[in-house]
Amino acid sequence: MKLQKLLESLNAIVPYKGENPEITSIENDNRKVQKGSLFICIKGYTVDGHDFAESAVKNGAVAILAERPLDLEVPVLLVNDTTRAMAVLADAFYGQPTKSLHLIGITGTNGKTTTSHLIEKIFADAGEKTGLIGTMYTKIADKTIETKNTTPESLTLQKTFKQMVDAGVNTAVMEVSSHALDLGRVHGCDYNVAVFTNLTQDHLDYHETMEEYKRAKSLLFAQLGNTFDLNMPKFAVLNADDTATEMYSRSTAAHVVTYGIEQEADIKAKNIQMTPKGTVFDLEIKGVSYPIRMQLIGKFSVYNVLASISTALVSGIEIEQIIQSIESVEGVAGRFELVNAGQDFTVIVDYAHTPDSLENVLKTIQHFAEKKVFVIVGCGGDRDRTKRPIMAQIACKFATDPILTSDNPRSEDPVDILNDMEAGVQGENYQVIPDRRKAIFTAVSQASPGDVILIAGKGHETYQIIGKEVLDFDDRLVAREAIKGR
Ligand SMILES: CC(=O)N[C@H]1[C@@H](OP(=O)(O)OP(=O)(O)OC[C@H]2O[C@@H](n3ccc(=O)[nH]c3=O)[C@H](O)[C@@H]2O)O[C@H](CO)[C@@H](O)[C@@H]1O[C@H](C)C(=O)N[C@@H](C)C(=O)N[C@H](CCC(=O)O)C(=O)O
Ligand SMILES: Nc1ncnc2c1ncn2[C@@H]1O[C@H](COP(=O)(O)OP(=O)(O)OP(=O)(O)O)[C@@H](O)[C@H]1O
Ligand SMILES: N[C@H](CCC[C@H](N)C(=O)O)C(=O)O
Ligand SMILES: [Mg+2]
C-alpha cells in the first residue's frame, strides 16, 4: 500500500517532505523492520522507540511515524499520539479485517477467559469457524499461538485478525483488558457484541482509582454501535447485578441486553442449586423457562454462562443449540480445575488472583466443604499492592488453613509482598511459606481425608517469574508430585 493511501485512514492531514513510497509492512520494533517498512516510534514504559528510528532506517524503513521531529533521510510523519495512530493504520493496512468478522469483545475484572472459551465453544458447536484471543493463547481455527498479553498491541492484533480472515474464520472472540482500552490497543476494532462480566478491585497500580478503572472499561461500550449496519445490529451484553452496568449502558449507542441473578434482567437464572458435580438452574428468557444442568461449579460460573448465552442469542444462535453446548462444557484449564492423583482429599487449582475471585471461589468451596479448607495464595509482584492485605484477609476469613506464599514475585522481594499481605491479617492463624513448591507440599502433607486444598492465583500458568527469570512451574504438576510423594 502506498504511504499516502495509508495515511488517509488517519482522517487528518499529516504533512511530510519526501516521496510516496510503497509500504510493505508496519513495525514498531526496529529489529523486525525490513526493506519498505513504516517504522512507528512508541514511547514505552521501558524505552523510547524514537531512539531506534535511525537503526530502523538502516534496516530498510522507508518512512517513520513519530511524535517529535527526527533528522532522518526518509519521510518523518508527525502525529500527537503514535500508539493510537498505529492502531488505526494497522486496521487500514491489514484491510479492516474486523469488518469481515463477527467480533465479540469481553471486558471485566474476572471471568473474561472463562466466558470467551464458553462463547467460542457455542459458536464452534454451531458450525462456525472460530478465532480466540486472550490470556492463555491466540487461536486461529485449529492453530494455537503463544501470547504475552491478554490483549495484544494493535499491530499484532490486526495482523491476527487478518490471519483469521485468511483462514476462513467468521467469528472471533477476544478478551479486552482495561490496559488495552486505556492504551488504545483496540482502536479500529469493529465489535459486533461487547460483553461486560463484572468490576471489582484489580490493577490499581495502573489505573490508580476504581473510577479510572471503570472509565477505561467503558471505552469498549463507547466504541460500540458507532457504525450502522442494518444486517448486523450491535449489542452490549451487560451484567444487571453489577452497578457499573448503569454507566456502560449510558456509554453505548448499541442495543443493550442484560443478564443477571438478583436484579431485573432480560436473561435470568433462577432456582440455582449447586452440587459438587455441577450446577442446576432455570434459565428465563421473555417468560419462557429452560432447565439447565451444567458441569461448571459456583454462582460465578452461572454469571459467565449467562453472559455467554446472551451473546450467542443476540448473535442469532438457537437457544436449544446454545443449551446443548453449555451443558457439555467440562471446564476451562486452570479455572476450578481438579487435580486427581488418587488422593482422598480434593485439590483445586484456580486462577483467582483478585480479592473478588478469591472470595467467590472460597465461598463456593465452603458451600460443599465438610472438613478443613486449605488455601495456598500469594500476590503478583509489580502489580496492584493494595489488593495484597485484602486477599490475605479473604484467605483467613473463608479458609480454615490459609498458607500465604509467592505468586509471580517478578522484580519484588517475595518477603516484601508477603509483608504487605500479612499487614491485613494481624492476629489471625495462618502459615507463611514463601517457596510456593514447599507451600503446596506442606498443604498436601497436612491434608486429611475429605479436606479441600485450593491452590489459587496461577491457574493455567506453567511458569513462575522470579526476578527476570521465568522458571518452569505448574501448580497442577507440583500438586501431583506432592500427592504421589505422600
Ligand atoms: C505497561 C504495558 O502495557 N507495557 C506493554 C508495552 O511495553 P513497554 O511500554 O515496556 O514497551 P518498551 O519495551 O518500552 O518499548 C517501547 C517501544 O520501543 C520498541 N523497541 C524496544 C526495544 C528495541 O530494541 N527496539 C524497539 O524498537 C518496542 O517495540 C516498542 O514499540 O508494550 C509491550 C508490547 O506490546 C507489551 O507487551 C507490554 O506489556 C507488558 C508485558 C505488561 O505487563 N502489560 C500488562 C500491564 C498488561 O498490559 N496487562 C493487560 C491485562 C492483563 C489482565 O488480563 O489482567 C494485558 O492485556 O495483558
Ligand atoms: N464471573 C466471575 N466473577 C467472579 N470471579 C470469577 C468469575 N469468573 C471466574 N472467576 C474467578 O476468577 C478467576 C479468573 O477467571 P478468568 O481467567 O476467566 O478471568 P479473566 O477476567 O480472564 O482474568 P485476567 O484478567 O487475569 O485474564 C477464576 O479462576 C475464578 O476464580
Ligand atoms: N493478567 C494478570 C494476571 C495475574 C496473574 C497472577 N498470577 C500474577 O502474576 O499476578 C496480570 O498481569 O495482572
Ligand atoms: Mg483472562
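Predicted model: local features only at pLDDT ≥ 70, side-chain atom pairs only at ≥ 80, totals over all residues.
## A hairpin to start with

In the hairpin formed by β22 and β23, 2 residues sit between the strands, and G467 there takes a positive phi near 65 degrees. Strand β22 covers residues 463-466 and strand β23 covers residues 469-472; the two pair in the antiparallel sense over 4 bridges.

## Other residues with a positive phi

Most residues other than glycine have a negative phi. With that in mind, N271 is worth a visit: it is not a glycine, yet its phi is positive, at about 50 degrees. N271 is found in strand β13, which runs over residues 267-275, and N271 is exposed, with a relative accessible area of 53%.

R410 also has a positive phi of about 50 degrees without being a glycine. R410 lies in the loop between β19 (401-404) and α14 (414-422). Is R410 buried or exposed? R410 is buried, because its relative accessible area of 17% is under the 20% cut-off.

## The magnesium site

Which protein donors does the magnesium ion (ligand 4) have? They are T113 (OG1), T135 (OG1) and E175 (OE), lying 2.1 Å from the ion. Along the sequence, these donor residues of the magnesium ion follow the spacing T-x21-T-x39-E. T135 lies in the loop between β6 (130-133) and β7 (138-140), while E175 belongs to strand β9 (residues 171-175), so the pair ties together parts that are 40 residues apart in sequence. Both T135 and E175 are buried.

## Two nonpolar cores

The largest nonpolar core has 36 residues, and those touching the most other members are I104, F281, L283, M294, V305, L306 and I326. Helix α10 (residues 299-314) gives the most to this core, with 8 residues. Another core, of 29 residues, lies apart from it; L101, I133, M164 and F196 are among its members.

Let us take a closer look at one residue, L306. Not counting residues up to four places away in sequence, L306 touches Y259, G260, I261, I267, K268, A269, F281 and L283.

Helix α8 spans residues 210-223, which makes 14 residues. At 1.5 Å a residue the helix should span 20 Å, and its end C-alpha atoms are 21 Å apart, so the two values agree. Where does α8 bend? The bend is at K217, by about 25 degrees.

K217 is also one of the buried residues of α8, together with Y213, K214, A216, S218, L220 and F221. The buried residues of this helix pack against several elements: β5 (102-107), α6 (178-182), β10 (193-196), α7 (204-207), β11 (235-239) and α9 (245-251). Just after α8 comes G225, with a positive phi of about 85 degrees.

## A stop at A341

A341 lies in the loop between β16 (337-338) and β17 (346-350). At 24% relative accessibility, A341 counts as partly exposed. Leaving aside neighbours within four places in sequence, A341 is in contact with R480 and I483. The C-alpha atoms of A341 and M164 are separated by 39 Å, and these two residues are 177 residues apart along the chain.

Notes. Residues numbered from 1 in each chain as written. Chains lettered and ligands numbered in written order. Heavy atoms only, no water. Buried < 20%, exposed > 50% of the residue type's maximum accessible area, 1.4 Å probe, protein only. Contact = heavy atoms within 4.5 Å. Core = buried A, V, L, I, M, F, W, Y, C linked by side-chain atoms within 4.5 Å. Pairing = 2+ DSSP bridges. Donors = N, O, S within 2.8 Å, 3.2 Å for Na, K, Ca; no water. Expected span 1.5 Å × (residues − 1). Bend = angle between axes of the 7 residues up to and from the residue.
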